[in-house]
Structure formats: C-alpha cells, structure tokens
Amino acid sequence: MEYSRNECVMIISLSMLKHEAIPKQLTLTFSKSIKANTSITTSDFAVQVAGSAATISNAIVDDGKVKLGLSSRVAKNETVTVAYTKSNTAIQNIKSDEDTAVASFTAQAVTNSTTTERSNI
C-alpha cells in the first residue's frame with residue numbers, strides 16, 4: 001500500500017488483551033500517537049469475529065490509541081479482523097497528534113490474546 005504525505009500513519013498493532021476480564025475491546029495501535037477526537041464514529045470501522053460481522057458499540061481515542069468496544073465477547077482462538085474507511089466528514093477521521101490523517105485500510109488480522117473459551121462466555 002502506498003500513502004500520500006497526508007496519509008502516512010501506519011497501523012502497527014491490533015490486539016485484544018488477555019488480561020481484560022471481559023474481552024470486548026479491540027485496541028488499534030499506530031506508528032504515531034493518535035490525537036484525541038470525540039467525533040470518530042463506529043460506522044467507519046468493520047470488525048469480523050469468527051467470520052461474522054461484529055457490532056461495534058463505541059469508538060474512542062484513549063492514550064493515543066483507538067479503542068473499539070464490541071457488543072459481544074470474543075473467545076480464545078477466534079479469528080478477528082478490523083477495517084477502517086476514512087470518513088467524508090473530516091472531523092470524524094482518525095489523525096495523528098501531528099494532524100496526519102490515517103488512510104483507509106482493508107481487513108487486518110488482530111492478535112487475539114484472550115484466554116476465555118467460547119464455552120465459558
């Protein structure tokens with residue numbers, strides 16, 4: 001993928017942390033810190049869990065990372081992907097602290113480190 005100068009923030013890590021009591025949060029870490037933005041919307045993201053579309057309940061920027069809340073828990077060994085489509089409404093776009101917009105990206109694999117078995121959810 002090639003990015004223009006205005007779209008140089010690359011995604012470097014996607015994870016669901018195993019220490020979360022309820023594995024319903026997906027954290028997107030980028031190569032640069034993400035600027036706080038209360039206008040990002042869930043509709044700009046698409047998450048798949050075990051091949052099915054997941055409902056995203058919220059999207060926030062916290063500590064320079066984007067965090068997506070999911071309406072359902074994710075179990076151990078389930079395949080998770082996330083995609084992002086940059087909005088036509090500029091205020092909703094994810095940007096670095098340097099005001100560089102994040103480019104749209106197709107489904108990217110998430111490191112699912114949860115330890116909860118599906119039978120225990």
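Aromatic rings and strand pairing

Q: Is Phe45 buried or exposed?
A: Buried means under 20% relative accessible area, exposed over 50% and partly exposed in between, with a 1.4 Å probe and protein chains only. Phe45 has a relative accessible area of 8%, so Phe45 is buried.

Q: What are the numbering and the cut-offs of this model?
A: Residues are numbered from 1 along each chain as its sequence is written, and the model is predicted, with pLDDT of at least 70 needed for local features and 80 or more for side-chain atom pairs, while totals for chains, interfaces and linings use all residues. Side-chain values use heavy atoms, leaving out hydrogens and water.

Q: Which residue is the bridge partner of Phe45 in S7?
A: Strands are DSSP runs of E with at least two residues, numbered from the N terminus, and two of them pair if DSSP finds at least two bridges between them. Strand S3 (residues 45–49) and strand S7 (residues 80–84) run antiparallel and are joined by five bridges. The bridge partner of Phe45 in S7 is Tyr84.

Q: How many aromatic pairs does a search of the whole structure find?
A: Rings of Phe, Tyr and Trp (its six-membered ring) pair if their centres lie within 6.5 Å; planes under 30 degrees apart count as stacked, over 60 as edge-to-face and the rest as tilted. The search finds two.

Q: How many residues apart in sequence are the parts tied together by Phe45 and Tyr84?
A: The pair of Phe45 and Tyr84 is tilted, at 5.1 Å centre to centre and 40° between the planes. Phe45 lies in strand S3 and Tyr84 in strand S7, so the parts tied together are 39 residues apart.

Q: What is the relative accessible area of Tyr84?
A: Tyr84 is buried. The relative accessible area of Tyr84 is 1%.

Q: What is the angle between the planes of Tyr84 and Phe105?
A: Tyr84 and Phe105 form a tilted pair, 5.8 Å centre to centre, with an angle of 35°. Tyr84 in strand S7 and Phe105 in strand S8 are 21 residues apart.

Q: Which residues form one aromatic cluster?
A: Phe105 counts as buried at 7% relative accessibility. The cluster is formed by Phe45, Tyr84 and Phe105.

Q: Which residue in the hairpin of S5 and S6 takes a positive phi?
A: Strand S5 (residues 56–62) and strand S6 (residues 65–70) pair in the antiparallel sense over six bridges, and Asp62 stands opposite Lys65. Two residues lie between the strands, and the one with a phi near 55° is Asp63.

Q: Which backbone oxygen does the side chain of Asn37 reach?
A: Asn37 lies in the loop between strand S2 (25–30) and S3, and it counts as buried at 17% relative accessibility. A polar contact is a pair of N or O atoms within 3.5 Å, where within protein one must be able to donate a hydrogen and the other to accept it, and residues adjacent in sequence count only if both atoms are side-chain atoms. The side chain of Asn37 reaches the backbone nitrogen of Ser39 at 2.6 Å. At 3.1 Å, the side chain of Asn37 reaches the backbone oxygen of Asn93.

Methods
Helices (H or I, at least four residues) and strands (E, at least two) are DSSP runs, numbered from the N terminus.
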